[in-house]
Every structure is written in structure tokens, then in C-alpha cells.
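User: I have a structure open and would like to learn how to read its features. Could you walk me through it?

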Amino acid sequence: MTWGRWGKKFSTREMGSLMHYCLEQGFTTFDHADIYGGYTNEEDFGNALVESNIPRSSIQLISKCGIQYLCENRNNKIKHYNYSKDYIIWSAETSLKNLKTDYLDLFLLHRPSPLMQPDEIAEAILQLKQQGKIKNFGVSNFTPSQVELISSATDISANQIEFSLTHSNPMYDGSLDQMLIKNITPMAWSPMGSIYKESTEQIQRIKKQLEELTETYGATEDQLMLAWILKHPSKIHPVIGTTTKQRIKDAAQAIEIKLDLEDWFLILAASQGHKVP
């Protein structure tokens with residue numbers, strides 16, 4: 001999301017260079033959505049992918065559909081969601097065209113709509129799978145009941161949700177429990193939360209606790225926050241949004257950090273402002 005017009009505005013060459021750097025660090029999955037950059041990021045990335053000469057088989061591409069965004073590239077009266085069969089198929093095919101690829105490794109419904117029809121969604125997903133245009137299907141920002149609704153008609157392999165030390169609700173609202181039970185892969189967007197955006201009492205507590213542990217683990221705050229997420233038994237996949245090479249490298253190394261059980265709860269207590277019951 002941050003590579004194009006909504007962020008760094010990278011050139012084709014710069015995008016290609018960052019793709020290669022990510023691969024060198026072991027990151028092979030790139031998370032897209034049709035709306036990113038006002039419906040421009042996917043085409044920019046696709047052009048960079050072609051010029052990069054990176055084999056398609058060496059990476060995984062994710063995209064999302066459904067949000068009707070207000071911008072110059074869409075003639076919408078109001079921001080809304082569209083999950084009709086025709087639109088889902090059209091959106092997937094448009095992402096394929098823009099990304100210069102024949103298939104998506106994972107295709108997500110970006111946000112839940114009050115008007116979702118599970119059977120109609122399932123028909124679209126079945127057609128896309130049968131045609132080889134998507135390999136896996138999932139959702140994003142869906143509650144447990146909304147996951148149940150859609151999974152009543154088609155299999156869900158992932159749910160990309162907001163999760164971090166400053167937004168830990170999914171541990172308590174049944175989201176992560178459900179994904180663990182149903183073998184659905186949790187993806188966590190904004191895994192750093194608001195740590196570097198605000199200066200609340202909660203964030204001050206978290207930073208103080210992380211600072212105390214950085215020497216113990218020989219790790220940065222970023223790495224400890226990722227390690228905290230990675231310890232959850234649901235096997236959360238953090239979606240890092242940084243374009244800074246050092247932070248990308250640090251994130252890759254966070255996988256090797258194994259937080260001690262009590263240290264994990266120390267960080268949780270700092271986030272909550274109290275110990276567990």
C-alpha cells in the first residue's frame with residue numbers, strides 16, 4: 001500500500017529494486033488490494049515485476065476486492081462495497097491484468113458488507129478457482145460470525161485482520177480462536193499498531209517494557225513486537241508495511257526470536273495496563 005501514490009511514490013526501477021531486496025531477506029509474498037494508490041498500485045507493481053525479471057513462481061501475490069473507493073479512477077457516488085458475482089470476477093481479472101500475472105495465490109474480500117450473499121460469493125470464487133485464476137480464497141477484517149457466514153458456502157484459507165500490541169482485541173473476541181480451530185491463516189496488518197504514531201500512556205508502558213527486554217534478546221523494539229505476535233499459537237503472519245530496508249531486514253530476523261513465556265506476558269501486561277486475572 002505504501003509503495004505507490006499513497007506512500008513513497010516509487011518509480012518502476014525503485015519498486016523492482018525493493019522487490020529484489022525483499023527476496024534477499026526471505027520475504028516472497030506481496031500483499032496488494034485493488035484500491036491501493038487509488039486503483040494504481042497494482043499496475044505500477046506489475047510493470048516493475050516484468051522489468052525485474054523475477055520469476056513468477058518465486059513469489060506469492062495477494063490481492064483484495066470489494067471496496068468501492070471515491071477517487072478519479074472510479075465513478076462512485078459514495079464509498080461502498082460490491083460483492084456481486086460479476087464484480088468479484090471482474091475485479092480479480094482486472095488485478096491479474098494489472099499485476100501482469102495469470103493467477104493470484106490468495107484473493108481476499110477486503111471488508112465485510114451488510115449485503116453479502118454467501119452463495120453468490122461462492123459461485124464467483126468457484127469459477128475463479130476452476131479457471132486457475134486464484135489458488136486460495138480468504139477474507140479481510142471479518143468478525144467470527146462473518147467468517148461463519150461466508151464459510152458456510154465456500155472454504156476460507158485466510159483472514160487478514162488488524163492485530164498488534166495496541167490492538168489486541170482479536171485475542172479476546174474469538175477471531176484468533178476461530179482461525180486456530182478452523183485452520184484459517186491469520187494475517188495481521190499494522191503489526192506495529194500505533195506505537196510510532198501516538199504517545200499514549202499505553203504506548204509509553206509498552207515501550208518501557210520493550211526497552212527492558214532489548215538487551216536480553218539483542219533485538220530492536222520492532223523485532224520484539226513481531227516476536228510477540230509470532231508466538232501466538234494461531235501462527236499469525238504479520239504484514240509489514242515498511243519500505244525501509246533496515247526495518248525489512250530486522251523483521252526477517254525477528255522470526256528467529258523465541259520469547260520466553262513470562263516475557264510474553266510482561267509485554268501483554270504492559271499493553272493492557274494490568275496483569276492477567
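**A guided reading**

Analyst: Gladly! Asn159 lies in strand β7, residues 158-162. Helices (H or I, at least four residues) and strands (E, at least two) are DSSP runs, numbered from the N terminus. This is a predicted model, in which local features need pLDDT of at least 70 and side-chain atom pairs count only at pLDDT 80 or more, while totals for chains, interfaces and linings use all residues. Residues are numbered from 1 along each chain as its sequence is written, and side-chain values use heavy atoms, with hydrogens and water left out.

User: Is Asn159 buried or exposed?

Analyst: Buried means under 20% relative accessible area, exposed over 50%, and partly exposed in between (1.4 Å probe, protein chains only). Asn159 counts as buried because its relative accessibility is 1%.

User: Which residues is Asn159 in contact with?

Analyst: Contact means heavy atoms within 4.5 Å. Leaving aside neighbours within four places in sequence, the contacts of Asn159 include Val139, Phe142, Val147, Met179 and Ile184. Asn141 is another of its contacts, and the backbone nitrogen of Asn141 lies 3.5 Å from a polar atom of the Asn159 side chain.

User: How should I read a helix such as α11?

Analyst: Begin with the general idea: an α-helix has 3.6 residues a turn, so residues three or four places apart point the same way. In α11, the buried residues are Asp263, Trp264, Ile267, Leu268, Ala270 and Ser271. Seen down the axis of α11, these buried residues fall within an arc of 160 degrees, so they line one face of the helix. That arc is taken from the directions from the helix axis to the C-beta atoms. Exposed Leu261 and Glu262 sit on the face turned away from the buried side of α11.

User: What do the buried residues of α11 pack against?

Analyst: They pack against α8 (201-217) and α9 (221-230).

User: What can I find at the two ends of α11?

Analyst: At its start, a side-chain oxygen of Asp260 reaches to within 2.9 Å of the backbone nitrogen of Glu262. Just after α11, Gly273 takes a positive phi of about 85 degrees.

User: Which residues touch the most other members of the largest nonpolar core?

Analyst: A nonpolar core is a set of buried Ala, Val, Leu, Ile, Met, Phe, Trp, Tyr and Cys residues joined through side-chain atoms within 4.5 Å. In the largest one, of 65 residues, Ile88 and Trp228 touch the most other members. The largest share of this core, six residues, comes from α9. Among the residues that Trp228 touches, not counting those up to four places away in sequence, are Trp264, Ile267 and Leu268.

User: And how do I read strand pairing?

Analyst: Two strands pair if DSSP finds at least two bridges between them. β2 and β5 pair in the parallel sense over four bridges, with Lys64 opposite Leu108 in β5. Three bridges join β5 to strand β6 (residues 137-140), and these two run parallel. Here Leu108 stands opposite Gly138 in β6.

Key:
A polar contact is a pair of N or O atoms within 3.5 Å; within protein, one must be able to donate a hydrogen and the other to accept it, and residues adjacent in sequence count only if both atoms are side-chain atoms.
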